[in-house]
Amino acid sequence: MKRIGITIVLAMCLFSYSNAQDYNTGIGLRAGYSNGLTVKHFIDSKVALEGILSSRWNGVEITGLYEIQNRAFNTNRLDWFIGFGGHVGFWNGDHTNWGDKGESYTVVGLDGILGLEYNFREVPINIGIDWKPELNFIGYSGFWGDNGAISIRYIF
């Protein structure tokens, strides 16, 4: 009988640990200077991987991020996150005010991200706001600090 009780207590502890995060995976839309799709998946209770497929300047950019996340202001369901990663993009110079007309640009660079997100209890929806600066090393190189967005995800 003691073994059954200990097993139940351990199972409850493990179950509560596995649900320390409000969700495991979220898929949704990202709207800002670059619009697109976002997928965020937790690999640990405070560590997530995020993939972003976005469009800007009549091109496409693929971004991968490693993010650390924690509660903000001791408020349930409100989290802050910070992270880093990289991107590869293909831009069309005809749709920019800085590039050469008729030129296409392949860019490769590093990304940072800093933001807040809130997970609704009543519906499986997550909303977040972030700032994602980029530094391109290949292609049209330079620092891009204007990439901020609002993301809305379906979470499960």
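## Starting with contacts

Two residues are in contact when they have heavy atoms within 4.5 Å. Residues are numbered from 1 along each chain as its sequence is written, and side-chain values use heavy atoms, with hydrogens and water left out.

## How confident is the model?

The predictor's confidence in each residue is called pLDDT and goes from 0 to 100. Its mean over the chain is 86, and 83% of the residues reach 70 or more. Residues 5–20 have a pLDDT below 50, and in the model this stretch has four contacts beyond near neighbours in sequence. Where pLDDT is low, the predicted coordinates should not be read in detail.

## The chain as a whole

Welcome to the overall layout. The chain holds one helix and ten strands (DSSP runs numbered from the N terminus: H or I of at least four residues for helices, E of at least two for strands). Followed along the sequence, the order is α-β-β-β-β-β-β-β-β-β-β.

The chain has 156 residues, and 39% of them count as buried (under 20% relative accessible area; exposed is over 50% and partly exposed in between, with a 1.4 Å probe and protein chains only). Among contacts in the chain with a separation of 6 or more, 47% are between residues 24 or more positions apart.

## Strand β1 and its partners

Now look at strand β1, residues 25–32, which pairs with strand β2, residues 35–44, in the antiparallel sense over six bridges (strands pair if DSSP finds at least two bridges between them). The two form a hairpin with two residues between them. Within this pairing, G26 has K40 of β2 as its bridge partner.

Strand β1 also runs antiparallel to strand β10, residues 148–155, and seven bridges join them. Here G32 stands opposite A149 in β10.

## A closer look at G64

Which residues does G64 touch, leaving aside its neighbours within four places in sequence? They are E50, F84, G85 and G86. G64 lies in strand β4, residues 59–71, and is partly exposed, with a relative accessible area of 37%. G64 and F84 are 20 residues apart along the chain, and their C-alpha atoms are separated by 8.4 Å.

Methods: Predicted model: local features only at pLDDT ≥ 70, side-chain atom pairs only at ≥ 80, totals over all residues.
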